[in-house]
Amino acid sequence: MAQTLVIVESPAKAKTIEKFLGKGFKVLASYGHVRALPSKQGSVDIARDFEPKYHILPESMKHIELLKKEAAKSSELILATDLDREGEAIAWHLLEALEISEESTSPVVKRVTFHEITKKAILKAMEEPRHIARDLVDAQQARSILDYLVGFNLSPFLWKKIRYGLSAGRVQSVALRLICDREKEIQGFDPREYWTIEADMATVRNEPFRARLHAVGGERLDKFAIATTIEAEALVADLEKSRFSVTSVTRSEKKRNPAAPFTTSTLQQEASRKLGFSARKTMTTAQKLYEGIDIGQGDVGLITYMRTDSVALSEEATDEAREVITRVFGKEYALEKPRVYKSKAKNAQEAHEAVRPTAIINTPDKVKPFLSSDQHRLYSLIWTRTVASQMAAAILDATTVDIGSAPGAPREFTFRASGQVIRFPGFMKLYIEGTDEAEEKAEGLLPLLNEGEGVERGELYPEQHFTQPPPRYTEASLVKTLEEYGIGRPSTYASIMNTLVTRKYVRLEKRAFFPEDVGMVVSDLLVKHFHQYVDYDFTAKLEEDLDAISRGEEQWRPVLRGFWDPFIALLKQKEQEVSKEDVTTEKTDKLCPECSKPLVVKLGRSGKFLACSGFPECRHTEPLSGEEQEEPVLSEEKCEKCGAPMLIKMGRFGKFLACSAYPACKNIQPLVKPKALGITCPECKEGEMMEKKSRYGKIFYSCNRYPQCKYALWDLPINEPCPRCGHPVIVEKVTKRDGTYRKCPTETCDYRLVLVEPEKKATAKKAPATTPADKKEPVKKAPVKKAPAKKVPAKKGAAAEGAAKKTAAPAKKTAGKSVKKPS
């Protein structure tokens, strides 16, 4: 009997969908993309009008073979990949890889899409097949080729001008620029002083409240009106001589509406703020919720498709939300008509629905037993945001009171007090959107005040402030900014930020992005020489062009030509004009302490450092941190090569001995001399085993004939032959798990002698069961403050590195063999 073959991307999705479709259908997975541009030069033929040279991914070969076999015995082939451009492109690539025409009659090819993995949605999709949307495929092809052209031409330029292994990307480099530009703003920020004056006030009924000085002499005070201590003190002196009364009372009603349901971007932002999730973790967890989880009735998708720009909800979803809101919160919290939202994002593609639960009756508590902790937290966030979006607006009563100075005061003063009360919480009872900004002080409740009523002034509080630099980008705020500019697609933001971190262009500390030195150098190079291609508006315009291709308004090859011709011409020009020294070296006004030549700032593997411009004749280096370097100290030892006194110097890996006759004599020695063990080296039979210390401070044992003999051990050698295999030495090892024991260091011998058994853990006695009355509140421990870790200088003297080379440390798991010293 002929079957219908359905192809989706993931096996989890395949399993769920096959259960819904039943007999006669076979659902298999492509395991993601099946074809791509090879990661090498020449994968796009520019001369043939940007003809891509796709190849089947090696890991997809076996999947394609299986799909070919199944397609051969199927009457229908249904391509059910995701409903975005990427999913459309995968469907097209599948046909190409399977060598099946879309016009084929055996099997008949159909394309279906759905925005949620529920039985109803899947069956409906099967009833509404269509052809592959070639405009969407072309838009995705254009994006892939654009990214390839930028990456495989600009990255080699960075290798030549900075160092090998760096990368540039069409969107990645713009994101890096945002982070680096913000860092420059912070570094160049000049704090500005300003003052505020608040006062404790009380009504005639002795009801306290606080107000802030709002105006002086009838003129409203702006942020910097009180600029110095002297001005603040003069105002306080005059205020102390004044009496006050209420001059005006303004009461108003404010309505606050809930945030729109989640798009990909807002989901990533809110999960970062509220859950501490990275964008990558958010998308991975959401994918699992979308593909299907067994909640007691078999696998079912719990949320709709998570790659979307839309904020729309279906009529079915709003009806379900209204039912749940009415049942749980009451009729007054539900809306008569659904609330409709419009996307604020630039270049939004609103063909789909927002990210929402597939069934709002599946409350977070109901599905909790079936979800992991992360899945439940993210599902709860999506559920509450969706339901809150269809709840009544919150109603707040706002009161503003102006309190003026009475006649006879040295100056005319006006204080202002504001209060806000939630009259009806509405959606706020369930959910309030997070923010990236520093939260303002919540406005409290004011006592009842009437115009003309006298008030008592209490203590005055003049307070000094300084303006703060703009905050560094977090994942949430970077995603928000990229989306506002219309740069890239929200579904790619997670991988872009991950690339910046893994390439060591930036680092994440306390959820904020800090650019590394190499990131700053790369960004500066691109901004200076390729400004147009890391320009925010230019990158956004490219996104608009890709959107136009997806709508059939533009052809993809002319768009690529318009980008490529000026780009490659500029690249060739800059390859001639820009030198590596210009990019990686900065002049300073400092002089080398060893040869008096100018010091320059260099870029190394660990960041920027100061180095002598006389390199390689002079190898002096020092950290760029501005710390004072320790002056070399004269030791009691003499140089074994020339007899000059040896100096104690500080190098990259700590203190070491260096000849004072440098550069005539370049002899260096470790400060702590290796200790002889009196054991002949078992490998070369000539040298003696020594106790040494690695560059990172770990004790190891090696032959004193290094580098001629590279025998080394991590464990203490004992001058006894192995009783089992006869190896000249055995080793003694101490671990918490195994205690103290001796063993043979050769990998082929399993000799082992336990000297001291490991300590056995005392088994805790089971406490008797307690009744609720016996239970006590746990005592909260005071938080322990950790001392800040000392920063290790990024680059120290090259001489120290040479000193380290005098000793060898063994690589792990290399007992009894010649080993390379670890880096």
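Predicted model: local features only at pLDDT ≥ 70, side-chain atom pairs only at ≥ 80, totals over all residues.
In which loop is D49 found? Good morning, colleagues. D49 sits in the loop between β4 (44-45) and β5 (51-52). Helices (H or I, at least four residues) and strands (E, at least two) are DSSP runs, numbered from the N terminus.

Residues are numbered from 1 along each chain as its sequence is written, and side-chain values use heavy atoms, with hydrogens and water left out.

Let me begin with the backbone. Most residues other than glycine have a negative phi, and most peptide bonds are trans. D49 is not a glycine, yet it has a positive phi of about 60°. A cis peptide bond joins F615 and P616, with omega at about 10°. P616 lies in the loop between β22 (607-612) and β23 (621-623). The bond from Y706 to P707 is also cis, with omega near 10°, and P707 is placed in the loop between β30 (699-703) and β31 (712-713).

I turn now to helix packing. Axes are lines fitted to C-alpha atoms, for helices over the stretch in contact, and angles run from 0 to 180 degrees between N-to-C directions. Angles under 35 degrees count as roughly parallel, over 145 as roughly antiparallel, 65 to 115 as roughly perpendicular and the rest as oblique.

Helix α1 (residues 11-21) and helix α4 (residues 119-126) pack at about 75°, with their axes 10 Å apart; they are therefore roughly perpendicular to each other. In this contact (heavy atoms within 4.5 Å), I17, F20 and L21 of α1 meet K119, I122, L123 and M126 of α4.

How are α16 and α17 arranged, parallel or antiparallel? Their packing angle is about 165°, and their axes are 10 Å apart; the two helices are therefore roughly antiparallel. F538, L542, D545 and I549 in α16 meet W556, V559 and F563 in α17. Six of the residues of this contact are nonpolar, none is polar and one is charged. Here Ala, Val, Leu, Ile, Met, Phe, Trp, Tyr, Cys and Pro count as nonpolar, Asp, Glu, Lys and Arg as charged, and the others, Gly among them, as polar.

The axes of α5 and α17 come within 10 Å and cross at roughly 5°, which makes α5 roughly parallel to α17. The residues in contact include L149 and V150 of α5 and W556 and F563 of α17. By class, this contact has 14 nonpolar, two polar and five charged residues.

The structure holds three cavities of 30 Å³ or more. On a 1 Å grid over the protein atoms alone, a cavity is a set of points where a 1.4 Å probe fits but cannot get out, and lining residues have an atom within 4 Å of a point. Grid points are joined across faces, edges and corners, and a volume is the space filled by probe spheres set on the points.

The largest cavity has a volume of about 100 Å³. Of its 14 lining residues, V150, G169, R170, Y533 and V534 are the closest to its centre. α5 (134-161), α16 (536-550) and α17 (556-577) each supply at least two residues of the lining, and the largest share, three residues, comes from α16. The lining has 10 nonpolar, three polar and one charged residues. Thank you for your attention.

Definitions and conventions: 1 Å grid on protein atoms, 1.4 Å probe; cavity = no way out; pocket = protein on both sides within 12 Å on 5 of 7 lines; lining within 4 Å.
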